[in-house]
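Thanks for asking me to look this one over. Please have the sequence and the structure open side by side while you read.

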Amino acid sequence: MCRPLLRFDNCLNDALRKERVFMARSKSASNWEQYSHKQMAALAEADLAAQAYALGLSLDGDGRVRASLFGRDYLVSNNDIVSQDGAPVSTNHKSILAHYLPSRGEGRLSGEFLPIGRLTGMIDTGLSPGDSLIKPLTEKFGDKYPAFMEAARKIDGQPEGKSPSGGESWLFSPLPKLRMRVIFFEADEEFEAEVKVLFDTSAPVFVAYECLELLEMVLVAELLGSAGLLGCGGSCGHRHD
């Protein structure tokens with residue numbers, strides 16, 4: 001069975017090319033902490049009422065933004081992000097929400113999907129960090145597709161049936177203007193099991209590359225946590241079912 005590469009013929013602007021070079025460098029924990037502080041500072045200045053409406057979200061009675069991220073509900077103010085169920089909120093979750101809400105992006109979802117490397121142009125350099133980020137999905141779920149299905153449903157994944165390339169397709173909508181697709185290829189006589197994560201091609205209009213990378217990381221952690229495979233003792237802010 002053939003698993004064809006997705007076509008990518010989008011033109012990249014200069015800003016995206018510069019961002020690609022910067023993000024090709026490996027990140028340390030301190031890099032992500034700095035990124036989080038930067039996003040929380042931007043959130044502190046955001047007009048949440050206006051932004052919520054523009055980005056498909058709503059407000060509660062106290063003016064906080066209601067947002068659902070991979071099946072868990074959050075309340076976002078200019079100064080803090082809390083989960084409605086009282087669970088701890090990881091730095092990565094906070095960074096994603098704090099990045100999304102000040103976004104000035106406009107437009108519609110395209111309905112076309114590409115892996116992060118092709119979406120951002122990093123395929124040109126032969127670098128694709130997304131491949132290593134999602135590797136744990138293949139390692140943990142490769143021969144356990146029923147476990148993957150159960151985990152995906154717990155974080156609001158929607159089954160779409162067979163993809164044109166032959167894998168099982170699952171749609172995730174972590175935020176109203178951001179969509180991701182996971183393609184799960186079960187092992188057969190020709191190929192080993194493989195998992196691919198794709199983004200709607202409109203994603204860079206709303207968030208920068210760092211946020212897309214975080215979304216991949218959080219999606220992987222949420223799926224593993226939902227299947228009881230995260231192994232962190234339950235203190236990371238991800239789901240542990």
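The numbered points below go from the whole chain to single contacts.

1. Some ground rules before we start. This is a predicted model, in which local features need pLDDT of at least 70 and side-chain atom pairs count only at pLDDT 80 or more, while totals for chains, interfaces and linings use all residues. Residues are numbered from 1 along each chain as its sequence is written, and side-chain values use heavy atoms, with hydrogens and water left out.

2. Now the overall picture. The chain has ten helices and nine strands; these are DSSP runs numbered from the N terminus, with helices (H or I) of at least four residues and strands (E) of at least two. Of its 241 residues, 46% count as buried, where buried means under 20% relative accessible area, exposed over 50% and partly exposed in between (1.4 Å probe, protein chains only). Among contacts with a separation of 6 or more, 63% join residues 24 or more positions apart; contact here means heavy atoms within 4.5 Å.

3. Just after H8, Asp156 has a positive phi of about 70°.

4. Next, the aromatic residues. The structure holds five aromatic pairs, a pair being rings of Phe, Tyr or Trp (its six-membered ring) with centres within 6.5 Å; planes under 30 degrees apart are stacked, over 60 edge-to-face and the rest tilted. The rings of Tyr145 and Phe184 form a tilted pair, because their centres are 4.8 Å apart and their planes are at 50°. That pair joins helix H8 to strand S8 across 39 residues of sequence. Tyr145 counts as buried at 9% relative accessibility, and Phe184 is buried too, at 1%.

5. Phe148 is buried, with a relative accessible area of 0%. One aromatic cluster takes in Phe141, Tyr145, Phe148, Trp170 and Phe184.

6. Which residues touch the most other members of the largest nonpolar core? They are Phe70, Ile81, Phe148, Phe172, Leu219 and Leu223, out of 56 residues in that core. H10 gives the most to this core, with ten residues. A nonpolar core is a set of buried Ala, Val, Leu, Ile, Met, Phe, Trp, Tyr and Cys residues joined through side-chain atoms within 4.5 Å. Setting aside neighbours within four places in sequence, Leu219 is in contact with Phe70, Ile155, Phe172, Met180, Val182 and Val197. Another core, of five residues, lies apart from the largest one and includes Phe113, Leu171, Phe185 and Leu198.

7. Finally, two arginines to check on your screen. Arg181 has its charged end over the ring of Phe113, 4.0 Å from the ring centre; this counts when NZ of Lys or CZ of Arg is within 6 Å of the centre and within 35 degrees of the ring normal. Arg72 lies in strand S3 (residues 72-76) and counts as buried at 12% relative accessibility.
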